[in-house]
Amino acid sequence: MRLHLPLFWTICLINGVVFVLGAVVLVLSPASVSSDAVRSEIVVVALGLVAILLLNALLIRWALAPLTRLITRVGDIERLEPTHLPEEGSGPVRGVAQGVNALLARLAEERRAGDARALAAQESERHRIAQELHDEVGQSLTVVLLGLKQVESQAPPALVPELAAVRESARAGLDDVRRVARRLRPGVLEDLGLTSALAALATDFADHSAASVRRSFAPGLPALSPEVEVVVYRVAQEALTNAARHADARSVELSLRRHGDHVVLEVTDDGRGFEGLAEGSGLMGMRERAALVRAELSVISQPRRGTTVRLRVPVS
């Protein structure tokens, strides 16, 4: 059992105990030192001094062991992983641990609030860009399409095929603009809910990728807050994008289910996989979004065996 004393007085107490023990041993032992010390007496004194120093060092090391462990744990703290340091040891060491834990809690809360503001600003900017694409670029392309159609009806027969090709290019550009606008701000997420938005996302992925998509949504999922729904949608979107760009997958499975007190999103592909996880901007963005809603994100992959992205969101 440790005494809850300040660290200074703990070390003073250890030194005092060691010196008292040394004095008691010197008084009770038959050893003596003459005024003209001989070699044997010097050896005895030297051995006694070494024993006192070793005992003192061992006791101080014992007293400071919790502080050493605390310093080691502080050095191992990850940026995005919540950490609680062990509150052990004597009074000052326990106080340092409690102070560091309080600081970590405040930093985690401030980081979460900062991430929330940043992601809210990002979503707002996405909404603004999507609105401009739809209202300005989309309408301009629509006007171009109508104009080309009118010109095509009045053009000489030799120019009709070329005008039709230009009109189809403009129509394809309009479709691309609308698709980008939907990816930037999925209106179906706000209008019809998360599962409908994920279904539309899977359909869009299958339409523009060589891979087939199988989706599985469990019935009776609990209601999630709008912030959580956006996080789940964006993680699924990023995982599907990575599967299309990097995995060279032939099939992808998108699932959403409830497991205990969590809603679990999984995106699994049968692509090339990888060994060793590189913290790119996409993965870092998914981790930041997961941390925002206190969710757990894991990425499991093996070469030539595909990749699974799993998001576990706690149900409040």
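Biologist: What does the accessible surface of the protein chain come to?
Modeller: About 19700 Å², with 60% of that belonging to carbon and sulfur atoms. Such areas come from the Shrake-Rupley method with a 1.4 Å probe, and for residues only the protein chains shown count as cover. Keep in mind that this is a predicted model: local features need pLDDT of at least 70, side-chain atom pairs count only at pLDDT 80 or more, and totals for chains, interfaces and linings use all residues. Residues are numbered from 1 along each chain as its sequence is written, and side-chain values use heavy atoms, leaving out hydrogens and water.

Biologist: Why is T308 called buried?
Modeller: Buried means under 20% relative accessible area (exposed is over 50%, partly exposed in between; 1.4 Å probe, protein chains only). T308 has 15%, so it counts as buried. Across the protein chain, buried residues make up 31% of the 316 residues.

Biologist: Where does T308 sit?
Modeller: In strand β5, residues 307-314. Strands (E, at least two residues) and helices (H or I, at least four) are DSSP runs, numbered from the N terminus.

Biologist: What makes the link between the side chains of T308 and T268 a polar contact?
Modeller: Their distance is 3.3 Å. The rule asks for a pair of N or O atoms within 3.5 Å; within protein, one must be able to donate a hydrogen and the other to accept it, and residues adjacent in sequence count only if both atoms are side-chain atoms.

Biologist: Which residues is T308 in contact with, leaving aside its neighbours within four places in sequence?
Modeller: E266, V267, T268, S298, V299 and I300. Contact means heavy atoms within 4.5 Å.
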